[in-house]
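Visitor: Please take one part of this model and go through it closely. I would like the packing described residue by residue, with the wider chain as background.

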Amino acid sequence: MATALCPLRALGQTAFRPRARRLHLSAPRADAVVISGRKLARQIRQEARHEVEQWVAAGNKRPHLSVVLVGENPASHSYVLNKTKAAADVEHIDERKICNAVTPDKDVDGFHVINVGRMCLDQYSMLPATPWGVWEIIKRTGIPTLGKNVVVAGRSKNVGMPIAMLLHTDGRHERPGGDATVTISHRYTPKEQLKQHTIRADIVVAAAGIPNLITADMIKEGAAVIDVGITRVQDPITAKSRLVGDVDFEGVKKKASYITPVPGGVGPMTVAMLMKNTIIAAKKLLKPKALEALTA
């Protein structure tokens, strides 16, 4: 034990006083902040509701939404079922043909080739609802992106790719991006290789549709984790079906700083951003140049 020489002036002599022992104690780390997509979505839908009220009060027709569902993807069905009174016309036809058959200004999902092209060029466009929802979660939660490392697990043209575009592109362009360094993985990326990227990532966006793809050992302390995945599985205990994401929620939340749940995370935000796109589309039909900044 080290000691310190300390003068005892009152006694006119010196003595040895032991140095206080340092206790290396660390407080238990708090779990991640669970981002409520439902709360954020309510905020955005309230903004949209106010916008619609003003639009209708000005003598304009109330916006309407029609849905075309292609294929039998469970995630797509779940998405459509949660749209607020949105489904009007449902058909099953070729996905790319129907996406490009929709007038770009009415393409509220942002799937038309013109909207995809404009998005990739950092121009104003209809943004796909789910990627835009992820972008709004990150911005409204205050998660920094500039100069950060991001991993997007999933390369779909409707979700993974647009999310990567929004996060990595220049924040000074017409449609500002996140200025992050983005790595995209896909079905042929070995999990150990994926882990080499996610363990260094400040933000991980899981959008592969693979339950428990992202586990706690793959995440660095303090990372933000956005779970876009949605898969219906059978609960081994109750035998009932339930929705799960791509992230091992219980394990990862002990290491992350922020995490979104499934359900209740990105899903409600997707619906909210779809409503915003519907309003933008309705207004553009009459005022094509006046409201471009709404998609910024």
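**A buried threonine and a helix pair**

Guide: At 12% relative accessibility, Thr-145 falls under the 20% cut-off and therefore counts as buried. The model is a predicted one. Thr-145 sits in the loop that joins helix H5 to strand E4, the strand covering residues 149–153. Setting aside neighbours within four places in sequence, the residues in contact with Thr-145 are Ile-138, Leu-167, Gly-178, Asp-179, Ala-180 and Ile-203.

Among these contacts of Thr-145 are Ile-138 and Leu-167, which also take part in the contact between H5 and H6, Ile-138 on the H5 side and Leu-167 on the H6 side. Helix H5 spans residues 129–141 and helix H6 residues 160–168. Their axes lie 8 Å apart, and the packing angle is about 40°. The crossing of H5 past H6 is right-handed. On H5, the contact is formed by Pro-131, Trp-132, Val-134, Trp-135 and Ile-138; on H6, by Pro-162, Ile-163, Leu-166 and Leu-167. Sorted by class, this contact has nine nonpolar residues, with no polar and no charged ones.

As background, the protein chain contains nine helices and ten strands. Of its 296 residues, 42% are buried. Among contacts in the chain with a separation of 6 or more, 60% link residues 24 or more positions apart. The accessible surface of the protein chain is about 16,600 Å², and carbon and sulfur atoms account for 54% of that surface.

Conventions:
Residues are numbered from 1 along each chain as its sequence is written. This is a predicted model: local features need pLDDT of at least 70, side-chain atom pairs count only at pLDDT 80 or more; totals for chains, interfaces and linings use all residues. Side-chain values use heavy atoms; hydrogens and water are left out. Axes are lines fitted to C-alpha atoms, for helices over the stretch in contact, and angles run from 0 to 180 degrees between N-to-C directions. Helices (H or I, at least four residues) and strands (E, at least two) are DSSP runs, numbered from the N terminus. A crossing is left-handed if the near helix is turned anticlockwise from the far one by less than a right angle, and right-handed if clockwise. Contact means heavy atoms within 4.5 Å. Ala, Val, Leu, Ile, Met, Phe, Trp, Tyr, Cys and Pro count as nonpolar, Asp, Glu, Lys and Arg as charged, and the others, Gly among them, as polar. Buried means under 20% relative accessible area, exposed over 50%, partly exposed in between (1.4 Å probe, protein chains only). Accessible areas come from the Shrake-Rupley method with a 1.4 Å probe; for residues, only the protein chains shown count as cover.
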